Protein chains: 2
Amino acid sequence: MKINHELKVDLGERAYPIYIGRGLLDESGPLGRHIAGSSALVVSNTTVAPLYLEAVQQALDENGTRQDAVILEDGEQHKTLAAVETIVDRLIEARHDRQSTVIALGGGVIGDIAGFAASVYQRGVNFVQLPTTLLSQVDSSVGGKTGVNHPLGKNMIGAFYQPRCVIADVGSLDTLPARELSAGLAEVIKYGLIYDADFFAWLEQNIDALVARDADLLAEAVLVSCRIKARVVELDEREAGLRAILNLGHTFGHAIEAVMGYGNWLHGEAVAAGMMLAIDMSIREGLIDEAVRKRAAALLERASLPVAPPGEISGAQFLDAMAIDKKTLDGNIKLVLLRALGEAFVSGDYDRDKLLQTLPA
Amino acid sequence: MKINHELKVDLGERAYPIYIGRGLLDESGPLGRHIAGSSALVVSNTTVAPLYLEAVQQALDENGTRQDAVILEDGEQHKTLAAVETIVDRLIEARHDRQSTVIALGGGVIGDIAGFAASVYQRGVNFVQLPTTLLSQVDSSVGGKTGVNHPLGKNMIGAFYQPRCVIADVGSLDTLPARELSAGLAEVIKYGLIYDADFFAWLEQNIDALVARDADLLAEAVLVSCRIKARVVELDEREAGLRAILNLGHTFGHAIEAVMGYGNWLHGEAVAAGMMLAIDMSIREGLIDEAVRKRAAALLERASLPVAPPGEISGAQFLDAMAIDKKTLDGNIKLVLLRALGEAFVSGDYDRDKLLQTLPA
């Protein structure tokens with residue numbers, strides 16, 4: 001076991017630590033310390049459970065924790081209220097009480113479902129995140145957003161609910177399919193674009209080693225990403241304003257995911273294409289110059305990510321899907337734009353014609 | 001319109017006012033002031049909507065609020081996740097955004113369902129309570145507990161979620177069936193038993209006038225009840241300890257409701273019988289004397305409430321139903337007992353044999 005970094009997300013009485021390193025899921029790791037009650041329910045999926053469930057169960061056994069597991073189908077299309085009901089049914093049937101802990105073992109989808117289930121079971125039980133994908137390590141495990149999809153929109157049902165701790169084992173990235181590693185890198189690149197030009201330059205230096213899964217560099221990328229996200233979330237936990245910059249590319253990206261059918265484009269892939277649309281829009285608005293587009297596209301391509309939306313989506317489909325996005329304010333679509341590389345802002349005051357030019361015909 | 005009382009529930013950034021009076025639901029009332037966004041969804045049921053929905057819609061119209069309504073079936077048996085989904089579906093279909101307000105118009109069941117729906121829709125939208133029953137005016141509209149039932153237990157799925165305001169129109173009690181008025185009085189009497197012997201004595205003086213629906217006295221009973229509940233909730237919002245005293249009679253009562261089938265015994269009726277069991281247990285534990293039992297039984301009977309559980313429930317059924325109650329801690333049933341009239345406490349350290357003697361054979 002090697003803990004490379006420990007980061008505190010400072011949310012007052014809801015503060016929690018993030019541990020980043022290798023081999024953190026076994027019994028010597030920080031898991032036992034953060035199981036408050038005498039019982040736990042591990043939520044995982046059919047892909048991740050065969051790889052890591054046994055180690056986690058052993059760690060819980062060593063701590064004398066009574067435990068159950070729920071193994072869900074893998075994939076965004078299973079991020080539904082029905083999955084939450086499955087978890088709640090198991091919690092009740094196995095008589096888990098208010099002191100129990102729900103442990104999410106898997107990627108962002110598992111974290112979102114399990115976190116939401118933890119938030120609603122008996123109006124809230126303990127929650128611990130063991131993110132096993134790069135995307136969930138740098139994004140969904142920080143900030144307390146949990147929830148599930150509705151047929152008419154992503155993340156329409158959920159809660160803000162903070163975990164007791166997050167344990168990000170970069171060793172689990174060894175088994176991650178290359179496409180999913182790339183999808184995670186899309187969000188890592190996003191942090192550079194919205195908040196930290198130096199980090200963006202660091203990524204330009206190290207992207208090849210990150211794609212080759214250098215563990216120490218991955219741990220550092222996870223740390224910096226979590227630190228940026230934590231800082232933004234600390235300033236604006238419930239997304240009154242600033243926090244929305246974390247959604248760079250997401251309004252476009254959610255539209256891509258919705259139109260293509262959830263699960264066909266990975267979230268990170270849709271965000272990569274969406275960020276390029278946001279950059280295009282920022283250029284049309286005269287905020288940034290072509291050089292940003294070139295650098296962003298080059299970095300995303302080196303990470304094997306798409307830099308344009310799928311050809312089959314029309315502008316009309318984009319607009320329709322975007323109109324019910326959560327970031328819509330009284331029917332007026334808000335966009336996250338860049339005013340420089342490393343500086344994003346939320347705009348409701350842009351030229352609608354330029355948005356139409358940005359979108360496909 | 002007459003506002004008799006205005007009470008602030010002081011929960012820091014989640015503080016909100018309770019207005020108590022007559023004729024508060026029409027357009028001149030405080031409703032418009034608390035609708036933050038430009039749209040609202042009114043949630044009501046088939047019993048209450050014909051009586052008050054039009055007045056509420058008119059009040060919203062006067063304020064230029066775009067509005068929709070969801071009318072649910074009446075009754076505790078409809079307090080399910082399916083009802084929450086119905087509300088969320090309507091919110092999405094009618095494109096309500098994060099600035100929308102969910103308005104609960106009805107009793108505790110409607111408040112619990114609508115509040116939970118408000119808490120999960122887009123991870124939380126505004127929520128306003130218009131409680132139309134005595135029970136909901138004195139109990140469920142204060143404290144932020146929302147949620148729905150699971151086939152295996154009451155309120156197993158929910159959230160702590162505070163409203164923007166509560167408007168308790170005692171005029172709406174004029175149309176309340178006598179049995180439901182009595183059920184509300186059970187909770188009013190509870191506040192005297194757990195926290196305020198003087199209020200209990202005031203109720204002994206005024207119970208006949210309250211049963212006869214004297215509006216000013218009802219407004220005063222609602223005010224004192226809400227004030228006691230607010231004080232307890234302020235001290236312990238998330239029920240770490242003290243707040244549990246509000247559950248006097250509820251562990252027994254929930255068991256009665258569960259075994260009899262939700263909706264057959266009213267919540268307040270089950271609580272009344274449950275409080276008598278808690279008093280019996282307190283006497284067996286040597287905490288209080290017979291005089292408390294006599295006064296409590298006399299007052300409950302004058303309010304037309306049961307003072308014993310239904311004969312068909314066995315002790316074994318009680319114990320089984322109580323074992324999955326939320327207040328169970330690691331399998332050990334906690335009870336709210338009285339150490340004096342006006343002073344309740346939570347006990348896990350009681351004689352189990354005395355509990356068995358308290359329950360039917």
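Reader: Is α5(A) mostly covered or mostly open?

Author: Helix α5(A) is mostly covered, with 15 of its 18 residues buried. Buried means that 20 or more other C-beta atoms lie within 10 Å of the residue's own, exposed means 12 or fewer, and partly exposed lies in between, with C-beta atoms placed from the backbone. Helices (H or I, at least four residues) and strands (E, at least two) are DSSP runs, numbered from the N terminus.

Reader: How does its span compare with expectation?

Author: At 1.5 Å a residue, the 18 residues of α5(A), 178–195, should span 26 Å, and the end C-alpha atoms are 26 Å apart, which agrees. The expected span is 1.5 Å times one less than the number of residues.

Reader: What sort of model is this, and how are the residues numbered?

Author: This is a predicted model, in which local features need pLDDT of at least 70, side-chain atom pairs count only at pLDDT 80 or more, and totals for chains, interfaces and linings use all residues. Residues are numbered from 1 along each chain as its sequence is written, while chains are lettered from A and ligands numbered from 1 in the order in which they are written.

Reader: How many residues does each chain give to the contact?

Author: Chain A gives 30 residues and chain B gives 30 residues; two residues are in contact if their C-beta atoms, placed from the backbone, lie within 7 Å. On the side of chain A that touches chain B, the largest share, six residues, comes from β8(A).

Reader: Turning to strands, how do β3(A) and β4(A) run?

Author: Strands β3(A), residues 39–45, and β4(A), residues 66–72, run parallel and are joined by seven bridges. Strands pair if DSSP finds at least two bridges between them. N45(A) has L72(A) as its bridge partner in β4(A).

Reader: And in chain B, what is the strand order of the open sheet?

Author: The open sheet of seven strands in chain B has the order β1-β2-β9-β6-β5-β3-β4, with mixed pairing. Its edge strands are β1 (2–9) and β4 (66–72) of chain B, each pairing on one side only.

Reader: Which loop holds R213(B)?

Author: R213(B) is in the loop between α6 (197–211) and α7 (215–235) of chain B. Although R213(B) is not a glycine, it has a positive phi of about 65°. R213(B) counts as partly exposed because it has 16 C-beta neighbours inside 10 Å.
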